[in-house]
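Okay, thanks for coming, everyone.

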Amino acid sequence: MTQSFDPTRLEIFKNLFHSVAEEMGAALRRVAFSPNIKERRDYSCAVFNAAGDVLAMGDHMPVHLGSMPMSVQAAVQALRLDPGDVAVLNDPYEGGTHLPDLTMVMPVYFRGARAPMFYVANRAHHADIGGSQAGSMGLAREVFQEGLRIPPVKIFRKGRVVKDVLALILRNVRTPREREGDLTSQIAACRIGERRLAEMVGKYGRREVETYERHLLDYSARTMRAMLRKIPDGTYRGEDFLDGDGIEPHRLRIAVAIRKRGTRVEVDFTGSAPQCAGSVNAVEAITWSAVFYVFRCLLDEQVPATSGLMRPVRVNAPAGTIVNARPPAAVAGGNVETSQRIVDTLFRALARAVPDRIPAASQGTMNNLTFGGADPRHAPRLRSGQGGAPFAYYETIAGGMGARPGLDGLSGIHTHMTNSLNSPVEVLEHAYPLRVRRYGLRRGSGGRGRWRGGDGVVREIELLADAQVGLLCDRRATAPYGLSGGAPGAKGKNELVVNGKRKRLAAKCSFYAPAGAVVRVETPGGGGLGSLARAPMLSTGGLWVKKISPGRRLESRQSRN
Amino acid sequence: MFAHNALRRRICQDWQPAIQSSLLYNPAAMRLAIDTGGTFTDCVFVRDGQLEILKVSSTPQNPALAIRDALAEILKEANGSLDVTCGTTVGTNALLERRGGRVALVTTAGFEDVIEIGRQARPRLYDLFVTRPEPLVPREWRIGAEERVAADGKTLVPLAPGETARIVRRMVRLRPGAVAVCFLFSYANPEHERAMARALRRAGFVVSVSHEILPEFREFERTATTVINAYLAPVMSRYLAEIESHAARAAGKRAKAQVRIMQSNGGIVSARVASREPVRTILSGPAGGILGAQYVAQLAGFEQIISFDMGGTSTDVALLEGERRTTNESIVADLPVAVPMLDIHTVGAGGGSLARFDRAGALRVGPESAGADPGPICYGRGEQPTVTDAHVVLGRIPPGGLLGGAFQLDEARARRLMEKARGKMRSVEAFAQGILDVANATMEKAIRVISVERGYDPRDYTLVAFGGAGALHGCELATALRMSRVLVPKFPGALSALGILRADVVKDVSLTVRLAVERAADATRELRKQFAHIESRGLREMRGEGFSPRLVRIERMLDMRYVGQAYELTVAAEGDFVGAFHRAHERRYGYADPGRAVEAVNVRARLTGATPKPELPKSRRAGANPRAALVEPRPVMIARRRARTAIYDRARLRAGNRFAGPAVVVEYSATTFVPPGWRGRVDAYENMILETK
């Protein structure tokens with residue numbers, strides 16, 4: 001491994017590429033219209049080289065970031081992207097993840113070159129993309145029911161919006177004005193990325209920039225290899241379960257074997273459940289994202305998050321399983337729920353290899369909640385006919401973080417594959433016919449242990465108008481596991497209160513409820529770590545490593561319930 | 001590190017007091033501004049028509065001690081009336097070190113945990129061991145009140161007298177140092193908060209109420225801001241009382257002392273108001289720097305500037321365009337502070353930042369700092385290379401040292417230890433250059449955040465470089481950002497104190513109204529009512545500061561957005577403000593949509609009472625030749641080659657002098673590096689203006 005680069009330049013280029021991604025994100029957030037993007041920040045931006053390798057990602061949503069290279073690949077394969085073109089796509093089977101996530105890809109040409117020198121891309125979660133249910137996150141048996149499916153098409157051609165494509169999209173969604181604002185902001189973010197990259201090449205020269213792209217990717221790969229070297233060689237297995245798909249009554253297995261030799265690692269999902277009838281199927285891009293996230297977490301936070309990191313990592317996700325679903329499986333929940341469970345499974349396996357660095361399970365769900373209907377406070381639109389202006393609202397609810405070796409888990413926080421913000425009560429109630437009755441921590445829901453799991457959240461939302469409600473949650477039947485003798489976190493719970501009567505709701509369901517009904521969600525706590533009885537553990541050094549020898553499934557006892 | 005010595009310089013003469021503008025400004029009083037920094041406490045004051053500077057060592061354990069010493073030093077010859085304005089870091093430090101008071105919080109029942117959950121996101125994505133700050137109020141001290149107001153201000157659940165009484169009884173048992181009250185939608189209807197606060201105050205508690213501190217929507221940010229205010233109140237009132245007593249003692253028995261405090265919004269208020277609303281003083285020190293930078297830039301004829309204040313451990317940058325910009329989205333010590341503060345971006349890179357190689361071979365600089373103790377290698381005790389050591393090795397800080405020779409630098413030691421630490425770098429010089437390049441990259445990124453990321457092109461701006469290390473980096477940073485002009489003010493080390501001395505009394509008031517406006521004319525009546533409402537509150541406060549309404553200037557602003565958007569742009573509330581909003585949106589984000597409905601979210605008013613301001617005098621123009629200021633030339637490493645470089649003594653440079661890079665300008669509290677390709681001139685106010693093509 002020769003160090004033929006200038007360490008200073010490397011650091012500078014790392015910062016430059018990263019700031020391009022961050023600037024795109026800042027623009028997207030500022031210009032967007034929906035609370036989902038602006039208040040909750042459910043979006044991501046990244047910069048790619050000509051080969052489609054990630055050079056930098058903004059510090060946005062983990063579930064987006066690992067899977068964006070597939071979007072770029074899909075767009076490039078399907079279309080000839082000329083200067084000033086922007087492709088849009090959301091098809092989970094062609095570069096997307098689930099339908100509400102719309103991704104835009106723009107090529108960046110340098111001074112009349114014939115091929116692009118970079119691509120920039122961003123992805124944003126739209127609060128509605130049509131389909132059978134407001135919010136486009138409901139139960140479905142086929143991807144066709146989940147909303148509008150967009151293969152890579154140009155939404156921006158030679159610097160101008162392609163009006164037919166935009167019109168087609170807007171006609172298929174419940175809140176077109178908001179969607180239009182958000183789509184415009186995504187295009188604006190691409191153009192900002194394009195401009196900044198062009199400036200950079202103008203300043204440093206094409207050759208220099210391309211040289212350091214390579215060094216940056218190599219550097220990331222080297223960092224990952226250095227980390228892998230410190231994990232003992234061996235095969236580490238883990239398994240965990242999703243509660244179910246909301247249709248069939250049985251739980252769904254995710255299994256992984258991590259085979260680590262020297263500076264290479266293979267992550268094999270053989271043994272995971274076949275793809276299911278409901279919507280918790282993950283496409284391969286999601287599984288890839290989850291693997292990327294887990295290995296990224298083992299590295300220092302400062303390491304540049306480029307594609308180079310994944311060079312030493314091979315992923316095997318058998319086609320036709322819930323970790324690599326094939327069409328026409330429904331996939332809305334794969335992105336938000338299955339992705340979390342894949343992470344839980346991977347960490348469980350890695351806990352056998354490096355127990356002093358791995359946390360117990362976090363809440364393992366995003367508790368997706370959607371509301372849709374007509375808002376009686378606003379005048380009806382011409383076409384909607386009745387009751388007021390249509391609205392669609394989507395949110396995810398935080399929960400408990402798993403205990404860490406040496407630290408309690410945090411309470412009421414988003415973990416692993418998401419980091420979206422909540423909508424302030426004072427924004428939510430102003431914008432939608434909803435009222436928040438209670439928003440607080442669910443005390444005592446974190447798993448006990450030497451280190452405690454974080455507590456989940458209780459959130460109660462009252463409908464002020466009749467509405468369609470969707471819940472897509474997990475960890476209602478299987479609890480987030482504890483590790484090394486720590487207790488599991490409390491399972492989550494969904495309830496509907498109508499006229500003072502409480503009714504238990506399924507983990508995944510959708511229904512119509514009258515004004516006055518209250519949806520109450522209790523989110524899971526994080527798992528505990530270390531048994532209470534045991535003497536204080538050391539979070540560093542070999543002592544703790546010896547306590548769990550590979551094969552002794554200390555933690556599996558807590559997870560079955 | 002430094003001996004406790006006072007260093008004094010006269011910097012100008014012929015100061016004429018401005019017209020008396022306020023009842024409380026005593027024309028006979030001596031005016032002083034004091035800026036407390038990490039290393040030095042800087043004082044700028046006017047005596048006998050002359051502006052003077054005094055620097056004393058800071059006393060971080062109790063910053064008031066340094067102020068006491070400074071006052072004693074300044075007034076040892078004669079007592080007399082005093083008018084003291086302080087920039088303080090007491091608030092920031094109390095937050096950073098969690099040394100505030102014991103606070104209890106009253107919230108709407110069911111929302112006691114809002115302050116703990118925050119926005120439910122973690123600060124770092126891939127850090128499994130991430131932590132977040134403990135809430136300033138522990139769970140047992142957050143009390144829910146049975147009450148509820150709707151989004152439109154209607155009362156859903158009235159706050160019963162029995163409920164307020166119950167909460168007061170709880171508080172009597174808890175005995176908190178201060179109480180914060182924040183109910184949902186109190187900006188739309190503050191009745192419940194008012195009743196609760198009244199009952200608590202009657203029982204003798206110090207109360208911070210959310211609709212008084214910040215009547216704006218977003219409950220977490222409002223609650224956090226109100227709680228911070230309550231948290232700082234005991235610390236700040238103690239500190240200010242101490243300063244007031246030192247000032248009174250310095251003024252003597254027969255004279256009066258008035259103490260004012262710099263706020264984060266760039267204006268000053270009386271110590272009494274600052275004790276009540278300490279959350280408004282959190283960025284007090286850096287705010288003074290911005291005012292100072294703006295002032296010297298105006299003298300030099302530049303409206304559009306980026307201020308670059310680089311100290312030992314951190315660097316503050318801000319963009320100014322005629323007006324100073326404020327933001328309501330600041331984060332201090334990981335906590336949101338939503339009152340208006342000057343839009344200042346801080347990064348952890350300064351002269352004392354440590355350099356090291358990480359495992360994969362990349363060179364990193366900061367955010368860890370050698371601080372004042374042990375300090376950089378060249379100060380004699382540090383072991384790890386810092387940015388300052390890099391400058392010394394490259395010859396950019398001549399070994400004659402800092403503070404006019406009062407402080408010697410050990411170049412040989414820096415070279416020896418850096419040789420050991422240089423890893424695979426070719427030479428010590430290459431290593432030193434690398435450290436500077438990485439530090440510059442960090443600062444370049446900081447400037448991009450406040451400019452490019454917000455839609456401003458740095459090329460249209462002049463970089464005002466100050467602070468101990470600002471002028472060493474200014475030109476190279478400007479080159480990287482393609483900026484063509486750098487201004488190094490006359491006294492880079494005391495610019496913040498000068499800014500504070502020139503600050504006006506400012507009161508910001510605001511209210512969330514959320515009003516749909518189609519055309520400006522239609523909404524004018526309703527808005528006028530809302531403005532009158534908030535302004536009457538502001539004018540009351542200004543009277544307390546000694547300004548009758550006719551002496552107060554009022555600026556009206558509106559936070560506006562397209563209906564459905566979730567963030568706002570602030571525009572002046574005059575004329576066709578709807579059109580102004582479309583234009584501002586176009587400029588900031590590249591597009592506008594005149595067909596889309598617009599709403600006014602917040603009304604804001606800024607009330608300003610002008611204070612008398614010292615002006616820097618113009619100097620007589622000398623010739624272009626700077627020969628008189630030349631000292632012994634020295635070799636300086638420039639672009640990997642050692643070149644004999646002109647060294648100028650700033651104290652002997654005269655207005656009208658011109659010189660060309662490469663050059664180094666040394667002065668008492670700072671050093672300026674002028675690279676090849678840059679030319680310098682000294683303007684009539686003795687600012688150095690450095691330019692390149």
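How many bridges join strand β2 (residues 30-36) of chain B to β3(B)? Five, and the two strands run antiparallel. Before I go on, this is a predicted model, where local features need pLDDT of at least 70, side-chain atom pairs count only at pLDDT 80 or more, and totals for chains, interfaces and linings use all residues. Residues are numbered from 1 along each chain as its sequence is written, with chains lettered from A and ligands numbered from 1 in the order in which they are written.

When I say strand or helix, I mean DSSP runs numbered from the N terminus: E with at least two residues for strands, H or I with at least four for helices. Strands pair if DSSP finds at least two bridges between them.

Back to β3(B). On β3(B), Thr41(B) sits opposite Thr36(B). β3(B) also pairs with strand β4 (residues 50-57) of chain B, antiparallel again, over eight bridges. In β4(B), Thr41(B) has Val56(B) as its bridge partner. The β3(B)–β4(B) hairpin has two residues between the strands, and Asp48(B) there takes a positive phi near 50 degrees.

Buried here means 20 or more other C-beta atoms within 10 Å of the residue's own; exposed means 12 or fewer, partly exposed is in between, and C-beta atoms are placed from the backbone.

Most residues other than glycine have a negative phi, and most peptide bonds are trans. Arg475(A), though, has phi near 60 degrees, in the loop between β16 (467-472) and β17 (493-498) of chain A. Arg475(A) is buried, with 31 other C-beta atoms within 10 Å. Asn499(A) has a positive phi too, about 50 degrees, but counts as exposed, with 7 C-beta neighbours inside 10 Å.

There are cis peptide bonds to look at as well. One joins Pro327(A) and Pro328(A), omega about 5 degrees; another runs from Gly661(B) to Pro662(B), omega near 5 degrees.

Last stop, the interface. 55 residues of chain A are in contact with 48 residues of chain B, contact being C-beta atoms, placed from the backbone, within 7 Å. On the chain A side, α1(A) gives the most, with twelve residues.

Note on methods:
Two residues are in contact if their C-beta atoms, placed from the backbone, lie within 7 Å.
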